[in-house]
Amino acid sequence: MERKGSYKSKKFPQRTCEYFGAGNGLLSDKAYCLACDRNGAVYIGTDGGLNYTKADGTIGSFPCGAVKTAYTSAEGTVYFATENTVYSVTDGKIEEMQSFDGEIRAMSGTDGVYLLASNALYKLENGKFERFFHNEIDADCLAISDTKITAAKNRALSIVNGKRKHWMSIFPEHSNMPELRINCLAFDNGTGFLWLGTDKGVYIFDCKCNWFGHSELNALPEEEIFNIFFADDGRVILSSEAGLIILKNGSRKYLPATRWACESKINAAIACGNTIWTATDSGVSKITETEMTLEEKADYCFKFTEEKYVRTLGYVTGLNKIKDCDINTGSPCITDNDGLWTQTYIGALAYAYAVTKDEKILEAARRSMKAMGYLTKVTGVKGFTARAVRFEGEDGYGTVVKRDGAEWHPAPNGECEWLGETSSDEMTGHYFGFSLYYDFCANDEEKEYIKEIICDITDHILENNYRLCDVDGLPTTWANWDPEQLNRNNMWIWEKCINSLEMLTFLNVAYHVSGDEKYRKEFLRLAIDEHYLLNAAQHKKDDGHTCHIDDNLGFLSTMTILRIEKDPAIRKYLLMGLKHHWEYERPEHCVLFNLVYGAFSDDNCDLDIAAKTLRDFPLDFLNRPLFNSARKGLVYDTEQEKWGEPTQLKEALDIDSRVIRNYDSNPFRVDDGHGRSACSPSTYLLPYWFARYYGIIEE
């Protein structure tokens with residue numbers, strides 16, 4: 001159907017990142033500077049000498065002592081310097097040029113090559129650096145554009161002036177120069193404006209008397225800046241205390257450590273071809289931008305999942321036991337929600353198959369659907385589903401029976417152990433995934449198989465007074481849909497409305513796959529007599545954005561029931577609940593929630609944010625430590641403190657600035673991650689294929 005605001009996907013730059021240190025090619029972890037020659041080779045100045053990239057992608061070395069200065073001339077020749085010796089690199093050939101009495105501080109120039117030493121300014125003439133003029137200046141950084149020559153140190157900016165060439169210095173005390181400490185200088189050669197990286201952010205000086213910082217131009221960052229690089233395509237690459245900052249098209253993009261750099265403080269960064277390199281005290285990162293479409297990204301995510309994430313029988317959750325942030329060291333993990341997370345993967349594949357009719361996708365969905373069927377049968381209790389199973393040789397097998405509420409039991413068939421204390425999370429996942437597979441993927445035999453499973457589970461719930469009863473005959477803790485408890489017991493006030501929506505969804509699916517009127521009759525009784533439909537019309541409780549588990553369950557239930565339920569009188573209440581929930585979660589900028597709201601309401605759903613999130617989704621899904629707290633201007637919330645939670649952000653950061661987790665996790669943390677696990681790529685696949693199926697995103 002034609003939708004308001006549908007997004008037409010085109011190719012976009014997808015970022016990936018590699019890291020280099022003393023363990024894989026660099027002479028030292030500590031990297032000071034970067035340069036790129038006319039052939040696209042990158043030169044890295046480190047504490048132990050110069051490193052450079054080779055045509056085959058490996059790293060070469062030139063030991064020579066600490067290299068703190070590197071510069072590319074207008075002709076594409078790279079010059080670099082140790083403490084007092086300068087070298088040149090032409091087409092990969094390194095030559096020692098000249099030594100100086102004073103320490104070499106910086107190099108610059110567009111109409112020539114200039115070198116700033118502690119005792120003088122020099123210019124390259126006929127292959128040798130000659131003293132440019134005789135008066136000295138104590139400066140650390142240099143920027144030269146045509147006839148404009150500037151240098152700076154700490155609070156002073158010096159400019160060469162006059163026929164006889166002498167330094168004239170500007171200080172805050174004697175001018176309208178802001179009070180700041182200067183770390184670096186760079187001329188924007190397109191305009192002639194001088195950019196300054198300072199402890200107060202970026203400032204632009206017109207080389208007369210006008211200064212522009214964040215207060216005057218809010219596109220400029222406030223974070224401390226250590227290096228400025230102007231790319232040929234108009235981007236400004238900034239090395240800051242808060243990671244990499246890219247100014248492009250009037251806005252700024254933050255790429256924080258450690259996903260995009262080895263640590264938060266960036267010493268230098270450059271753009272070279274389709275790459276961006278950063279240098280830090282902990283190593284170097286190479287960010288590569290490759291053009292791809294959202295569907296190509298989805299294909300990558302599917303193949304990546306099938307290669308890395310599939311566990312015994314076809315369970316798909318996440319990876320754990322990752323070492324040194326290397327995802328290749330991880331292994332598929334057993335969780336207490338294997339049913340929920342595998343079913344979200346099945347749901348993503350069902351939507352994908354509905355769009356593409358790709359047999360590889362159907363084959364993977366069928367395998368994992370059968371694994372889900374195994375969960376529903378293995379307990380030996382009809383209709384009671386295990387959270388997870390583990391087989392001999394897998395983590396924990398045969399070692400734990402009960403711990404922290406986890407209840408592992410030997411399977412009656414002797415094949416495995418199964419995890420009890422099953423929750424509403426599992427049930428929501430099963431009704432979600434099984435119903436999608438039933439509608440989009442199942443053959444006649446599979447439809448009967450799923451019908452039996454759904455009816456057995458639903459009957460079990462109804463026969464046990466709207467509860468799941470474990471193998472010991474006791475109701476599990478969280479699987480409670482009893483109207484007596486939800487409507488008339490304040491202990492269940494938080495679950496009252498979300499669990500009402502869940503139960504209506506379960507009965508809706510049971511009726512959908514079986515056609516048995518008893519499920520529709522019970523649906524209508526709960527919906528009207530027990531006002532579950534009114535409960536569902538505002539199922540999200542304001543919680544200071546602290547309980548994200550119910551957010552995930554609410555949207556999965558909504559996706560399921562609104563796909564199946566056709567009665568407009570009932571749908572209007574469900575849509576009230578969807579709108580209320582989405583409005584409350586809007587600051588989360590959740591791609592799945594936005595797209596679900598857009599698909600069923602046909603209303604504004606922040607589609608631009610959703611599309612941007614899909615484009616920016618990192619491809620490694622690693623729970624890498626991320627640090628954003630050094631960023632200025634972030635707005636923090638306090639509402640969640642009422643619930644005993646720590647302070648968090650008012651709005652979630654971009655997806656590539658935060659840890660990738662399932663949609664039941666907190667996206668408002670400013671610093672997060674540990675690098676020992678990885679999230680399932682279904683976090684990308686589900687919203688993408690859902691949007692494709694409903695026509696919100698087109699390729």
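A: I493, W494 and W643 together make a nonpolar surface patch of about 290 Å². To belong to a patch, a residue needs over 30% relative accessible area and no salt bridge; nonpolar side chains (Val, Leu, Ile, Met, Phe, Trp, Tyr) are joined within 5 Å and like charges within 9 Å. A salt bridge is a Lys or Arg side-chain nitrogen within 4 Å of an Asp or Glu carboxyl oxygen, and areas are Shrake-Rupley values with a 1.4 Å probe, with only the protein chains shown counting as cover for residues.

This is a predicted model: local features need pLDDT of at least 70, side-chain atom pairs count only at pLDDT 80 or more, and totals for chains, interfaces and linings use all residues. Residues are numbered from 1 along each chain as its sequence is written, and side-chain values use heavy atoms, leaving out hydrogens and water.

You'll find E296 in helix α1 (residues 294–308), where its C-alpha atom is 9.2 Å from that of K11, although 285 residues separate E296 and K11 along the chain.

Now for the inside. Strand β24 (residues 236–240) has five of its five residues buried, so β24 is largely enclosed by the rest of the structure. In a regular strand, side chains alternate between the two faces of the sheet. Here V236, L238 and S240 point one way from β24, while I237 and S239 point the other way, and all of them are buried.

What about the neighbours? Strand β23 (residues 225–230) pairs with β24 in the antiparallel sense over five bridges; pairing takes at least two DSSP bridges. N227 has S239 of β24 as its bridge partner. The two strands form a hairpin with five residues between them, and G234 in that turn has a positive phi of about 100 degrees. On to strand β25 (residues 243–248), which pairs with β24 in the antiparallel sense, again over five bridges. I237 faces I246 of β25, and the hairpin joining β24 to β25 goes through two residues.

Next, the cysteines. C36 and C272 are joined by a disulfide, S to S 2.1 Å; the cut-off is cysteine sulfurs within 2.5 Å. C36 is in strand β3 (residues 31–36) and C272 in strand β27 (residues 268–272), so the pair ties together parts 236 residues apart in sequence. Both C36 and C272 are buried. C301 is buried as well, at 0% relative accessibility, but its sulfur is 11 Å from the closest cysteine sulfur, in C679, which is too far for a bond. For C416, buried at 2%, the closest cysteine sulfur is in C333, 17 Å away and also too far for a bond.

Last stop: four strands make an open antiparallel sheet in the order β7-β8-β9-β10. β7 (69–72) and β10 (93–99) are the edge strands, each pairing on one side only. Four bridges join β7 to antiparallel strand β8 (residues 78–81), and T69 has A81 of β8 as its bridge partner.

Methods. Buried means under 20% relative accessible area, exposed over 50%, partly exposed in between (1.4 Å probe, protein chains only).
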